Amino acid sequence: PRNNSGPGVAALQNRLANIEHQTALNFVGLVAVALETLLLEQRPDFLFKQRRRVRLRRRNSRRAQQMRARCRKSAVLILALSKKQKANRPMAANERPPFDRELTDIADYVMNFKVGRAAIDAARLCLTDTMACALDALDFPDCTKLIGPVVPGTVVPHGSRVPGTKFELDPVTATFGFGAMIRWLDMNDTFTAAQGSHPSDNLAGILMLADHLTRSGARKFTMADVLEALVMAYEIQGCIAIENDFKAIAIDHPLLTRVASSAVLTRMLGGGVEEVANAVSNAWIASTLRVYRHAPNVGSRKGWAAADAAAQAVQLAFLAMKGEMGYPQVLSSKKHGFCDAMLGGRVLQLREPLGSYVIENAMLKAVPSAMYGQSGAECAFLFHPQLKGRWDEVERITVHVHAGVKRIMDREGPLRNPADRDH
């Protein structure tokens, strides 16, 4: 570097000497000092071309070295201060924030997690149980009327084949129909937590999308791929449910299916971390009420609410792959984000690390009923051999239940629709 002397250099030296004591420098001022420092070392004549340049003599070489070292030290300090000020400055109203941690954690999980053998074995059992529940539902016209194209006669090339039926539909419509079959009898598995839910609802979108992509040649999926996706969907749904009681704020649990499915389905379509985060952020925006689960409004939507959520997840995954934007602070945004608007300001809890805990601890049902009723049915099975042929000796039967059972399953009077039997 060339060196200069004169009033301009002295003034700059004084500014650099005082830089450590200045705390109110704005970002523009810091950049200006940094530019002056760089120009002094690289092109001194640019700043002082109108002034006489003086060659430093050898006796001043030590002073010149000290000056250069001081400039370098000050430049480092300037850069550090500028970064600190930039980090602390208020975010502009139109500036895109980073994604919420929960969204990036879910995206990183579905992109990088390696599923183990125990989880695959559990997934195979859950898939078999779920398929049996779906096929059994085909005996009920109230369910089968929900399956099929929106417009009769619609033909979809390389459509998704709905199990047990003749239909080949687009993945969104197929997911809705298959999801209704899975959920109709309320017999598919359950994961109980602060918020109970049915993670096997995610199979609808996973299987229908895998069938469509494989038949069309876009991507090739094996059942091993389906099982891996199922493990991840179970985990996302269950780990959100563990510490967040959505029913307490009147939000229905299919929200969890939409979030979990949107993540794994976007990955199945070939999306990366950004696309997955975009899809998941959109999945959080729509939250459904629970009104159809409680008297006097109990209705058949209970049988297809999760199917609707899974179908929406398929659509969100396709939109994300087309470049549809996400909403980085959908959870944490003040006033309008999910936590403030729905949770009263409480932070959403996501049990971590995400792995395969949920699918390895999901509960299968013995009878077509809400999970609350399984223990009572199991008790009846166990006592039947002892009481068979001795019914005249039974004076009364006393059943002790949790408050949730009384609230949800204690029904009196006629049952007016299929969902009225246990809610």
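A residue is called buried when its relative accessible area is under 20%, exposed when that area is over 50%, and partly exposed in between, with a 1.4 Å probe and protein chains only. By this definition, buried residues account for 43% of the 423 residues in the protein. The structure is a predicted model, in which local features need pLDDT of at least 70 and side-chain atom pairs count only at pLDDT 80 or more, whereas totals for chains, interfaces and linings use all residues. Residues are numbered from 1 along each chain as its sequence is written, and side-chain values use heavy atoms, with hydrogens and water left out.

The protein contains 17 helices and two strands; these are DSSP runs numbered from the N terminus, with helices (H or I) of at least four residues and strands (E) of at least two. The accessible surface, computed by the Shrake-Rupley method with a 1.4 Å probe and, for residues, with only the protein chains shown as cover, comes to about 23,000 Å². Carbon and sulfur atoms hold 55% of that surface. A contact is defined as heavy atoms within 4.5 Å. Among contacts in the protein with a separation of 6 or more, 77% are between residues 24 or more positions apart.

The interior was examined through its nonpolar core, defined as a set of buried Ala, Val, Leu, Ile, Met, Phe, Trp, Tyr and Cys residues joined through side-chain atoms within 4.5 Å. The largest such core has 80 residues, and Phe 178 and Trp 284 touch the most other members. Helix α10 (residues 223–241) gives the largest share of this core, 12 residues. Leaving out residues up to four places away in sequence, Trp 284 touches Leu 103, Ile 240, Phe 246, Leu 255, Val 259, Val 330, Leu 331, Phe 338 and Leu 348.

Salt bridges were counted wherever a side-chain nitrogen of Lys or Arg lies within 4 Å of a carboxyl oxygen of Asp or Glu. The count comes to 15. In one of them, Asp 105 pairs with Arg 101, with the closest N and O atoms 2.9 Å apart. Both residues belong to helix α5 (residues 101–112) and are four residues apart, about one turn of the helix. Asp 105 is classed as buried because its relative accessible area is 18%, while Arg 101, at 43%, is partly exposed. A network of salt bridges links Arg 101, Glu 102, Asp 105 and Glu 352.

Another salt bridge joins Glu 168 and Arg 215, whose closest N and O atoms are 3.3 Å apart. This pair links distant parts of the chain, since Glu 168 is in strand β2 (residues 168–169) and Arg 215 is in helix α9 (residues 203–216), 47 residues apart. Glu 168 is partly exposed at 36% relative accessibility, and Arg 215 is partly exposed at 31%.

Asp 186 and Arg 183 also form a salt bridge, at 2.7 Å from N to O. Asp 186 is buried, with a relative accessible area of 1%, and Arg 183 is buried at 2%. The side chain of Arg 183 also makes a polar contact with the side chain of Asn 188, at 3.0 Å. A polar contact is a pair of N or O atoms within 3.5 Å; within protein, one atom must be able to donate a hydrogen and the other to accept it, and residues adjacent in sequence count only if both atoms are side-chain atoms. Asn 188 lies in the loop between α8 (171–183) and α9 and is buried, with a relative accessible area of 0%. A polar contact at 3.1 Å joins the side chains of Asn 188 and Asp 201. Beyond residues up to four places away in sequence, Asn 188 touches several residues, including Asp 129, Cys 133, His 198 and Lys 365.

Lys 365 is also in contact with Gln 374, as are Ala 366, Val 367 and Ser 369, when neighbours within four places in sequence are left aside. Gln 374 lies in helix α16 and is buried, with a relative accessible area of 7%. The side chain of Gln 374 reaches the backbone nitrogen of Ala 366 at 2.8 Å.

Ile 397 is in the loop between α16 (374–387) and α17 (403–409) and is classed as exposed because its relative accessibility is 71%.
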